[in-house]
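Please take a moment with the sequence and the model before I start talking.

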Amino acid sequence: MRAGQLRHTVTIKRPVATINGYGEQTMTWVPVATDIRVGINPATAKEDVEGRQVEHEITHQVKMRYRDDIGPTMRVYYGDRILEIRSIINLRERNREMRLQCVEVNDG
């Protein structure tokens, strides 16, 4: 993999369940890896109209060097954008590079 393809810097976070002051379980996101160099390419975009609401779904392919500590329940944080990992592909099964299939989410 050529370094020029990895022009974006991201943080990868995993979900951790915590208990708040009211005894309720909440989900927080804890960094697994920071300052990771990746390549991000938009893959698809679709729009669904449900009643009067319009829902947008944008998928991305994130290409990066292989890591064994990344899982499909994690998220990629790129600036103010959040990409939810849906699947992970170990390219050519050589443990050198991987592709994350992601969906952009709005946590607003």
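I'll go through the overall build, then the strand pairing, and then the salt bridges.

First, some housekeeping. This is a predicted model, in which local features need pLDDT of at least 70 and side-chain atom pairs count only at pLDDT 80 or more, while totals for chains, interfaces and linings use all residues. Residues are numbered from 1 along each chain as its sequence is written, and side-chain values use heavy atoms, with hydrogens and water left out.

So, what is the chain made of? The protein chain has zero helices and six strands, and from the N terminus on the elements run β-β-β-β-β-β. Helices (H or I, at least four residues) and strands (E, at least two) are DSSP runs here, numbered from the N terminus.

Of the 108 residues in the protein chain, 28% are buried. Buried means under 20% relative accessible area, exposed means over 50%, and partly exposed is in between, with a 1.4 Å probe and protein chains only. The chain exposes about 7400 Å², and carbon and sulfur atoms supply 44% of that; the areas come from the Shrake-Rupley method with a 1.4 Å probe, and for residues only the protein chains shown count as cover. As for contacts (heavy atoms within 4.5 Å), among those with a separation of 6 or more, 49% are between residues 24 or more positions apart.

Now to the pairing, where two strands pair if DSSP finds at least two bridges between them. Strand β4, residues 75-78, runs antiparallel to β5, and four bridges join them. Tyr78 stands opposite Arg81 in β5. The hairpin of β4 and β5 has two residues between the strands, and Gly79 takes a positive phi near 65° there.

Moving along, β5 and β6 also pair in the antiparallel sense, over eight bridges. Asn90 stands opposite Met98 in β6. This hairpin has six residues between the strands, and Arg92 takes a positive phi near 55°. Please remember Arg92, as we will meet that residue again.

On to the charged side chains. How many salt bridges does the structure hold? There are six, a salt bridge being a side-chain nitrogen of Lys or Arg within 4 Å of a carboxyl oxygen of Asp or Glu.

Let's start with Lys63 and Glu97, whose closest N and O atoms are 3.3 Å apart.

Next comes Glu104, which forms a salt bridge with Arg81, the closest N and O atoms being 3.0 Å apart. That pair links distant parts of the chain, with Glu104 in strand β6 and Arg81 in strand β5 (residues 81-90), 23 residues apart. Glu104 is partly exposed, with a relative accessible area of 22%, and Arg81 is partly exposed at 32%.

My last pair is Glu84 and Arg86, a salt bridge with the closest N and O atoms 3.2 Å apart. Glu84 counts as partly exposed at 24% relative accessibility, and Arg86 counts as partly exposed at 49%.

That's my tour, and I'm happy to go back to any part of it.
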